[in-house]
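Subject: Handing over a structure, with some notes

Hi there,

Here is the structure I promised to pass on to you. Please have a look at it first, and then read my notes below.

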Amino acid sequence: MEYKVETHLHTALNSSCAKVSPEDVVRIYWDNGYDALTVTNHWNRKIAWKYFGGERREIIKKYLGGYERVKELADGSMRVFFGMELALREDYYSPFNFGAAEILVYGITPAQFKEYAFDLIEFGYPELKEFSAKRGWLLFQAHPYRERTRRIDVRYLDGLETYNNNPRHSNRNFLARARRKKYDLLMVGGSDFHQPEDVGAGVMLDKEIGNETELADALRSRELKILKPR
Amino acid sequence: MLVRIFAALEPDHKSRQALYDLALKAGIGRVIPAYDLHLTLSFFGETDDAERLKAAVRSVNGAEIRAWVGGRRTFGNARALIIEDGGAIAEIKRKFCLAAEFDDERKLLPHITVSRKDDFVSEPEQIQIRLCALTLFASENINGKREYTPLSSTFLKPERRFGCMLFDLDGTLTDSAPGIKRSLKYALDKLGIYGYDPEILNKFLGPPLVWSFKTYMGLDDDTAVRGLAEYRRNYNEMGGKYVAEVYPGVEKLLAALKEKGIRLGVATVKPEKTACEVLEHFGLIKYFECVSGGQPDERKADKKSVIEQALKRIGKAAGEDVLMIGDRVYDIEGGISAGVKTLGVGYGFGGYAELREAGADYTAASATDILDLI
C-alpha cells in the first residue's frame with residue numbers, strides 16, 4: 001500500500017510567515033490525496049515571547065491551537081500528527097540572521113510539548129539530542145542548505161531534510177542529499193507549506209501509521225520514498 | 001579532541017549583524033561570522049564539570065542588557081570591540097559565578113572579539129547593542145577552524161513594556177529640516193544677516209529658537225525675538241511648516257503601537273498650534289491622545305515642561321513605563337529630568353554620539369526598530 005504523509009506544514013495564526021488557515025489547509029491536502037499530515041509550526045523564543053507573548057500557559061495554548069484546529073477539521077478523513085520546527089536560542093530564521101538553523105522534531109506528542117516547551121528553546125544542541133534520544137524523538141535539520149542557514153554538527157542530529165519544496169527560498173536540496181549520504185543520516189522530505197502553491201511533497205510509506213511515535217519509527221526504519229511534486 | 005568550555009553573553013540577531021557590519025566598516029577584512037560573535041564572561045578551559053555549569057547557566061535570571069560599543073582593543077591576536085554598560089554585564093557574571101560556585105579571578109573587561117586575523121583601520125562607530133542570552137559554549141578546533149557549540153543557554157527576559165510613549169515631532173516623526181531651514185533663511189534675510197555658513201542652520205534644529213539665535217548668531221535679546229517673529233511668519237503663514245516628510249515606517253509604527261493599546265502623545269517645543277497643524281497635514285494626529293507643545297511666548301517651552309504637560313493631559317504619572325522618543329540631546333535630557341525612560345532615534349538631527357552622551361536608555365536606527373522594545 002501507499003501512505004502519503006506531509007512532514008513539514010505550517011498553519012496561519014502560529015507565525016507571521018504562514019498564510020493559510022486550518023480550514024484551507026485541510027481542504028488543500030484532502031484535494032491532493034494525502035493520508036496524513038504532520039503540523040510542524042515554528043517554535044522558538046521569538047514566536048513564544050514576541051509573536052504570542054503573555055503567560056506561559058497561554059502561549060502553549062495558542063501554539064497548539066493551529067494543530068488542534070487542523071486535527072478537529074480533518075475529523076478522521078486524514079490523520080493529523082503533532083511535530084515541530086524548532087529553533088534553539090537565537091537560531092531562528094530572520095532577515096538579520098545569517099546563521100539560522102531550524103530543526104524538525106518528530107515523535108514528540110502534544111502532551112510532551114506542554115511539559116517541555118520552554119525547556120526546548122533554551123537547550124544547546126548536545127542537550128537537545130540527549131533529551132530527544134531518551135524520549136524516542138527524531139531531529140532533522142530542516143533545509144540545511146537554504147540561504148542564511150548554517151549546518152548543525154551531525155553528531156546532534158538524526159537526519160536531514162533532503163527535499164524542501166518551499167518555492168520562495170533557494171533550498172539547494174542536492175547539497176542536503178549529498179551531506180545525508182556522506183554521514184549516513186536519516187532523511188525526510190516535505191512541502192514546508194506556508195502558502196497554497198507549496199503543497200506536493202512529503203514521504204510515501206508502505207504502511208499506515210497511527211500516531212507520532214509510529215511516524216518516528218517509520219522515519220527511523222528508512223523504508224520510505226521522498227515525494228516530490230512533478 | 002580538545003574541547004574548552006566558556007560562558008558568554010550572546011547579542012541578538014540585529015546586534016550581531018550590526019557588530020559584523022561595524023567591524024567591516026572599521027576596516028577588518030576577515031570578520032568572525034556574525035552568528036559566532038559573543039561576549040565571554042568566564043573561561044573554564046577543559047573541564048569535566050559541564051553538567052554543573054549547564055545547571056548554573058539555567059539558574060540565572062536577569063533582564064536583557066543594552067550596552068554600547070565603546071572603542072577597540074587588541075588582545076594578543078584577537079581584535080575586539082570594547083563593550084560598555086552600566087554594570088549589568090558584571091552583575092550577570094556575578095550571578096552565574098555564584099551559581100556555578102566558580103571563583104573567577106580574572107578581571108572582567110567586556111569585549112567582543114571580531115577578528116583573529118586582520119586589524120582595525122579606523123575607529124569603530126559607537127552603536128548600541130542588545131545582549132539577550134547567557135550561553136555555555138564548547139569551543140573546539142575542527143579542521144583548523146574554531147567551532148562553537150552552544151551547550152545550554154538561558155534567555156534574558158525582555159524589559160518590561162511601556163504603557164505610554166511620547167514623541168518629539170521634528171526629526172523624530174517628520175523630517176522638517178528643509179522647511180525649518182527655509183524659514184530661518186527668510187528670518188535672517190529680514191534681519192539683514194548674510195554671509196554665515198549655511199551649515200550652522202543645522203544646529204537650529206531642535207533647541208528653542210531664541211536661544212539658538214543668541215547662541216549661534218550672537219544676537220541680542222530683542223533682535224532674537226524679532227528673528228523668531230519673522231521665522232514664525234514664514235513658517236506658519238507662508239507654508240514652511242508643510243515642507244517636510246514623514247520618516248519611513250513612522251505611520252506603521254504608530255498604528256502598531258496604538259493597536260497594542262499603548263497611549264501615545266506628542267511632546268515638542270514647537271508651538272502647539274503649529275504642531276497640531278503639521279500632524280493633521282500629514283494625517284498623523286489620529287494616533288495621539290494629546291499634543292503638548294510650546295505656548296506662543298517661547299520662554300516657557302523647555303522640553304521637561306512639555307513632557308510633564310503631556311503626561312498630565314494623558315493622566316499618567318512619570319515613571320519607568322513611560323518612554324520619551326526624540327532625536328536630540330534636549331529630548332533625552334528633558335525626558336531624564338521629567339523622570340521617564342528615553343529613546344534616541346539615530347535617523348534624526350542629532351546622531352548616536354550626541355544621544356549616548358545625553359544618556360539615552362535606548363537607541364533605534366529606524367522607526368520600525370522601536371517596535372522591538374514592546
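**Salt bridges within chain A**

Let me start with one residue: A:R69 counts as partly exposed because its relative accessibility is 31% (buried means under 20% relative accessible area, exposed over 50%, and partly exposed in between, with a 1.4 Å probe and protein chains only). A:R69 forms a salt bridge with A:E23, and the closest N and O atoms are 3.0 Å apart. By salt bridge I mean a side-chain nitrogen of Lys or Arg within 4 Å of a carboxyl oxygen of Asp or Glu. A:R69 lies in helix α3 (residues 56-74) of chain A and A:E23 in helix α1 (residues 22-31) of chain A, so the pair ties together parts that are 46 residues apart in sequence. Helices (H or I, at least four residues) and strands (E, at least two) are DSSP runs, numbered from the N terminus. A:E23 is partly exposed too, at 37% relative accessibility.

Before going on, a word on where all this comes from. This is a predicted model, in which local features need pLDDT of at least 70 and side-chain atom pairs count only at pLDDT 80 or more, while totals for chains, interfaces and linings use all residues. Residues are numbered from 1 along each chain as its sequence is written, chains are lettered from A and ligands numbered from 1 in the order in which they are written, and side-chain values use heavy atoms, with hydrogens and water left out.

A second pair in chain A sits within one helix. A:R220 and A:D217 meet through their side chains in a salt bridge (2.9 Å, N to O); both belong to helix α7 (residues 212-221) of chain A, three residues apart, which is about one turn of the helix. A:R220 is partly exposed at 35% relative accessible area, and A:D217 is partly exposed at 39%. Over all chains, a search of the whole structure finds 48 salt bridges.

**Where the two chains meet**

The contact between the chains takes 21 residues from chain A and 25 residues from chain B, where contact means heavy atoms within 4.5 Å. About 2,100 Å² is buried between chain A and chain B, and carbon and sulfur atoms give 53% of that area. Buried area here is the accessible area (1.4 Å probe) that two parts lose on being put together, summed over both. In chain A, the residues that lose the most area to chain B are A:R89, A:E90 and A:F96, together 28% of what that side buries.

How many salt bridges are there between chain A and chain B? The count is three. In one salt bridge, A:R89 pairs with B:E10, with the closest N and O atoms 2.5 Å apart. A:R89 and B:E10 also belong to a network of salt bridges that links A:R89, A:D91, A:R150, B:E10 and B:R16.

On the chain B side of things, B:I142 is found in strand β6 (residues 128-142) of chain B. Leaving aside neighbours within four places in sequence, B:I142 is in contact with A:R155 and B:E147. At 25% relative accessibility, B:I142 is partly exposed.

**Domains of chain B**

The domain assignment of chain B gives domain 1 (3-155), domain 2 (164-175 + 244-373) and domain 3 (177-242); these bounds come from an automatic or database domain assignment. The centres of domain 2 and domain 3 of chain B, taken over C-alpha atoms, are separated by 23 Å. Between these two domains of chain B, 18 residues of domain 2 are in contact with 20 residues of domain 3. Domain 2 and domain 3 of chain B bury about 1,400 Å² between them, with 54% of it on carbon and sulfur atoms.

The rule finds one salt bridge across this interface of domain 2 and domain 3 of chain B. The side chains of B:E277 and B:K241 meet in a salt bridge at 2.3 Å, N to O. B:E277 also meets B:K273 in a salt bridge (3.5 Å, N to O), and these two are four residues apart in helix α8 of chain B, about one helical turn.

Enjoy exploring it!
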